[in-house]
Amino acid sequence: AGCGSTGGSDSAAGTAAAGGGKPFIALSNGFIGNGWRQTMIAKFEAAAEQARKDGLIDKYKVVNAPGENSATEQVAQIKSLLLQKPDALLIDPSSPTALKPVIQQACTAGVKVVVFDSAIDAPCAHVLQNSFTDWATQAAKPLLDGIGGKGSVIVSRGVVGSQPEAEMYETTKKILAEHPDVKTVATVTGMCDGATAQKAVLGVLSSVPKVDGVIGCGDGHGVAQAFATAGKPAPAVTFETNGRALNYWKEKKIDNGSVAVMSDPGQSVAALWEALDLLDGRDVPKQLTFPIVLVEQKDLDAWAGALKPDEYAAWPWTRELFRQQVEAVKSGGEPVRPPIPSAAG
Amino acid sequence: MHVDNLPAPPGTERDRAARPPVVTARGVTKAYGRTRALAGVDLQVRAGEVLGLVGHNGAGKSTLMRVLAGLESCDAGAVLVHGEEAPAGSAAAFGTVRMAYQETSLCPDLTVAENMWISSRHCLPRLGWRRAASTSVRRRLDEVFPGHGVTPRDRVEDLSLAQRQMVEIVRACLVDRLDLLILDEPTESLGPDAARTLYAYVRRLAEAGTAVLLISHRIREVLSAADRVVVLRDGAVTADRAAAGMTEPDVLTLMGAHVAVPSERTGTAHAATGDGTGARVVAELRDARGGGLHGVSLRIAAGEVVGLAGLAGQGQQEVLERLWRPARRDTEVSVTRAYVPGDRQRSGLLPLWNVGDNLVVTAMRGIARRGLRRIADERDVVRHWVERLAVKGGADAGITELSGGNQQKVVVARAFASTAGLVLLDDPFRGVDVHTKTELYRLIREEAAKGRSIVWYSSENAEMAHCDRVHVFRAGRTVAELAGEEISEERIIAVSFAESDEPDVPKEPGESGAPDRAAHGRTHG
Amino acid sequence: MAELLAPTLPGRARMRHSAPAAVSALALIAMIGVCSTLQPGVLSVQGLTLVLSATVPLVIAAQAQMTLMAVGDIDLGIGAFVGLVTVVTATKLSSSPLVGGLVLLGLVAAYALLGLLIHLRRVPSLIATLGASFVWLGLGLFLLPTPGGSTPEWLAAFGAWQPAGFPAPLLPILLVTALVHLLASRGSAGVRMRALGSNPVALGRAGLRPLTSRVIAYATAGGLGVVSGLALASQTGGGDVSSASSYTLMTVAAVILGGGSFSGGVAVPWGAAVGGVTLGLVSVVLSLLDVRSDLQSAVQGGIVLAVLAGRVLVGKVLR
Amino acid sequence: MNLRVTRSRPWIWGFAAAALIWLVILAISGQGGGQTLSLALSLAPYLVIVGLGQMLVVTAGPGNIDVSVAPVISLAGFASVAVSAGTGSALAGVLAGIGVGLVVAVVSTVAILGLAIPPIIATLAAGLVASSVTLHLAGGFTAVPDPGLRELLNLRPLGVPALAVAIAALTWLTVVLLRRTVYGRSLIAVGQNRRAAERAGVPVSRVIATAYLLSGALAGLTGALLATYIAPSADLGTRYLLDSVAVVVIGGTLISGGRAVPVGVWGAALFFILLDGLVNLVGWSTAAQNLLKGGLVLFVLFLAGGGDRARSTAPRLRRRPRPAAATTTTTGDNSDG
Ligand SMILES: Nc1ncnc2c1ncn2[C@@H]1O[C@H](COP(=O)(O)OP(=O)(O)OP(=O)(O)O)[C@@H](O)[C@H]1O
Ligand SMILES: Nc1ncnc2c1ncn2[C@@H]1O[C@H](COP(=O)(O)OP(=O)(O)OP(=O)(O)O)[C@@H](O)[C@H]1O
Ligand SMILES: [Mg+2]
Ligand SMILES: [Mg+2]
């Protein structure tokens, strides 16, 4: 590990580098209450532990804001993390704006900040995220093709009010506009969460005619169950990428254009590699877009076998793969496709 | 401070009848639903007189007071203040009429001074009101109740019942100009000393020209303090006499035809002699200490009525508490218990239920089988007790719609309707009219005759005459045990006040006098 | 704290009333102690600024909650309301101070109106404020569907203000608490409010309208909610209607930690401040301690229980 | 609507609001009125179960509330699915869910009665502990819900969900509990005036503890069923906290305790579920959804009004009495004695 961070006079990195020579990596997570975030944290902890064993880092620390996606708690925690002078700070933010000042503070203190999973308008931070346009496109396109480009669909929106959702909904609307024979019979708020979507879809199901597909953002398991409750055939849906949904899809032998698509919880690991590269003084673009996780029918069996029910599909980023992907982003080439993991873990 | 200004004495004129009326009620009627609370009351209160108002429970006294104080409007008739018709709720018209409420109208969480601001803010300066209120309330308390032990910074919650009553009375007196002071049963929770100084103050007020309207069920007090006595009966004035020359039986007769005068010893056939040798002992305290008690021993035999007497807050309620929840080893109770609280608003009523539900809640446990209620049996019990105690309104009336006396009957019936072998009475007859009281005394004797034991704490020494044995308490210990013919009001008072010849009464700092009562007020009051 | 340091020798009863806040203060000191052993930097001015700044909006919101709890009500909408204020700050106030100011005043008026309706219609405040929280949330999303906007310069400057030799967040905490103390504990408006929580009948008999007291309390709470929102916006630099959603229960806990009660009648501004800072520091302690991710909320719950249990024990001893 | 009638039948408002929403849905979609109801009835039971538990707690008197229901539901979901997958018995799973609810309730109860911690804080803290356990369980979770039980939950003979019938029976049992048993009457007595109930010989602590245990058990049952119906997840119960309190109060139960209206929970639950359906059907933005939901709750609340000022203001630990008819008159004596 080098002493890449030359920003601060008496900066955190300087102290740590002088002490152990290896960096201290902190991760602040705004919310831990769902399976995706848990997978994200688990992947990070596994990778960071390995990195520590490999002598890449001195230590790491994960702090999850308790409660309901609370920006205020996360701000408080980041502030106290700063007191511990980490060399790099990885942030999965609970709010795209609220952390701006504290991130600025971190940068001023000479900490390398990598924000992942969500964009944030903080010029000093590096951002690593998935393309929400890709996500929405992958959720809608195959599904609309699957139902033959005509029929009725329900749109199940995500966390309405969040920046990613706005972007995704725009994309969905654009794609729907390209399919004039497809009629949107209802728009529900599924919060990208199977349980919420199940109740929301159930609430409108009796009031709409036959539904051929439900365009969602990883809430298909709940949607499919709602149709089962109402005694209707399952439409094409966009499943979650967790083991439970994929196995349901597999066991019910659903083959109607359904896909599973979600952002990649492995971003936390990629962010770790990015932070290390930044500390090494390597040139990494400020904005990195990494591929989403898309599970199509052909990959279904492989993924379904590899995942625990509550575990979300994550790309197994290694440092090599990460650097390849960075090159791909720089050159504008095809994104790297990491291998599908073979066993749970 | 201008708060303390008393109106100047209106000369030396002695003929009170010639003085101008302060407040006049003219043909006032008031009905609540079907209940006619007031049926055409005519009443004049003149400056400088003390007017005693008596009447049975539900006679309409409280209602009339609310109307006279401008808190409630009347259906017909009018209230005149200084000869001018005053609309109810008008602060301007009723500004000089003040009322000390029976149930105290204080905010328990606020300090004494803050309570003064609420009711007397018109005569306090805008800035520095806290200091002004403190000085004037302290001065007035010193004047009316010497040795009160209250400081203006005390929270009302931390005061004893008696102290609260003192503050309530003083609260009513703190005003720029006081034309009429209404005292609704002011001495029910005061000790004899405080009552005496209060009446002395009332006299002084009257001398200075303020009219005082005094409501009490203690007829003798009314007769000694008042110039004139007005009797209210079923919402109408039935008598208006000068107090001089009237006797207690006279007034009682005027109040209601057949009120039996409680003689000093009504119980003729007392059960066990009570020394514990005859009947089976059902409860026993052996040298009980701690929690305000300093070595109390007493035994209660089956079928016995044991009185706990003495000044308020000397450990009587702690004894009841021990018997109710015998947690320590020095207390032994071998039968089931029932409790009759005196503070019915706080510890008696279940306000959302009707009379029947309130009455049967204790008995329900005994009647039920395997946790399931037996409604028909419960109904029989309710009917029996509603009839036996003649609860006005019947079993289906809401409990809060009853007058205080009738509510108390229900609370008493609740205890006796159960199968409890030991009934604990915690001064339950405060503010209950003579008629109701007599009924309840008879009930107590009847139930004792059936073999139930009764432990009865009362702040009214005359009541103790109905007991077989009386323990007189002082500072957490029994100073005398009276039995049979020895029990008399005079004797009890003599024993409870025999301070000088009781040198060994432990007087730990903070454990005697007012602070003790304050602590007491927290647990019970 | 002023209560605790009162010059006169406190009586037993008085001590009993201030004991809860004292226990919370002890817990607070203990937590700062733990923090500073784990991380000596905490005790520097910069360290204190860092750990305290996040508690400023919480403490102010706790004062709002305390005001309503003093009249015997409870506010389950304060979190959403503070969030709404940040949204207004980041949109209207930054585009036009006049319009923004008027909107904020309107929000205070809305709170007063809520109090008015709660009183006139005799509905439980718990459920009415719960309903109102949906309205605040809806309004916030309506103004700013996605978090963003930017706070006015002066506010951001205040948020970033770092005077030498003095932890800046202490200033608003002490200032607001002192103001609330003057209003709710010393002033006559406070007496009216507490009297309403304590015994509304007495208030009415004295010719004071309970309605006025309740409306004053709600308007005060609304005003404090606005200040809390401004403080939050000064730190987050933007508007986000759900940024303070955790405040709702946290403020209740803060008031309880500070010695307040649900039954109304008592105002504990200093206690609420201590409680708020204590709760705010819990997450700091959690991030300093190496607690496993999945254990963090259990530790948080445990700390709250421990502080309250300590308070109960002290109360028992004093009884 | 006759105000006198609504005063004595406080559950009417929830049903009236639900009927109104149902008519609006019918008018908008022009079809499937019966099916709308049928689907609402298949969702409502979950909210009703947890609502009934919350109602018992709220009835125990001022200040009593159970905010641990949300984490309990999530935790019970995982526990029950794990147990039913482990033992192969759906019943064992449901019992495990109930057991988990009971265990969390024991923690709250000890804190409330033993340490005298205010219920809202005690249950909050117990809930935090529960959510820690949930996160721990969720980490390596592999089990899947019992398919047999799921079929059962989805069963709708003649369009009437079997679960709704079962929960209607549970509601009826609750009514019986409150009206016909010593425990139920004791609970209501404690809720009206804790001191008076204690002096009347009611074992107050036991009664309150039982209310919290029942609430925990019912929340656990909800979690077990919901996890089977949907899927176990760490945020399965999140929505049920505010909703459970809201349905209890809209259903006519006094928030200050002493009056429980089990039937009202159904009306309010149907109202909430149909309202969600309507909002989703019309496709309103989240902003409009929230405004509508809040506005309607406030509208119903303010229209229905409350009883006594003295009794209806927020939770109060009835340390002292408020004169019962405070607004009109002064009843009784020595209320501050
Ligand atoms: N607010 C009220 N609502 C209904 N009825 C009432 C109300 N207040 C008084 N009453 C009725 O008026 C009658 C007179 O009541 P009031 O309180 O004036 O009696 P009282 O003389 O004060 O009795 P006590 O000696 O017990 O104090 C009662 O019988 C009662 O039925
Ligand atoms: N809220 C109410 N609703 C209906 N009736 C009431 C109400 N309050 C009082 N009353 C009636 O007023 C009468 C008197 O009530 P109050 O409490 O003044 O009794 P009281 O005269 O003070 O009795 P006591 O001397 O026993 O205390 C009762 O008989 C009762 O029927
Ligand atoms: Mg009266
Ligand atoms: Mg009376």
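Modeller: The crossing of α5(D) and α11(D) is right-handed, meaning that the near helix is turned clockwise from the far one by less than a right angle. Helices here are DSSP runs of H or I with at least four residues, strands are E runs of at least two, and both are numbered from the N terminus. This is a predicted model, where local features need pLDDT of at least 70, side-chain atom pairs count only at pLDDT 80 or more, and totals for chains, interfaces and linings use all residues. Residues are numbered from 1 along each chain as its sequence is written, chains are lettered from A and ligands numbered from 1 in the order written, and side-chain values use heavy atoms, without hydrogens and water.

Biologist: At what angle do the axes of α5(D) and α11(D) cross?

Modeller: At roughly 145 degrees, and they come within 7 Å. Axes are lines fitted to C-alpha atoms, for helices over the stretch in contact, with angles from 0 to 180 degrees between N-to-C directions.

Biologist: Which residues of α5(D) and α11(D) make the contact?

Modeller: Among them are Gly97(D) and Gly101(D) of α5(D), and Gly216(D) and Gly220(D) of α11(D); contact means heavy atoms within 4.5 Å.

Biologist: Turning to chain B, what is the strand order of the open sheet of three strands?

Modeller: The order is β12-β11-β14, with antiparallel pairing; two strands pair if DSSP finds at least two bridges between them.

Biologist: How many bridges join β11 to β12(B)?

Modeller: Seven. Arg289(B), for instance, has His294(B) in β12(B) as its bridge partner.
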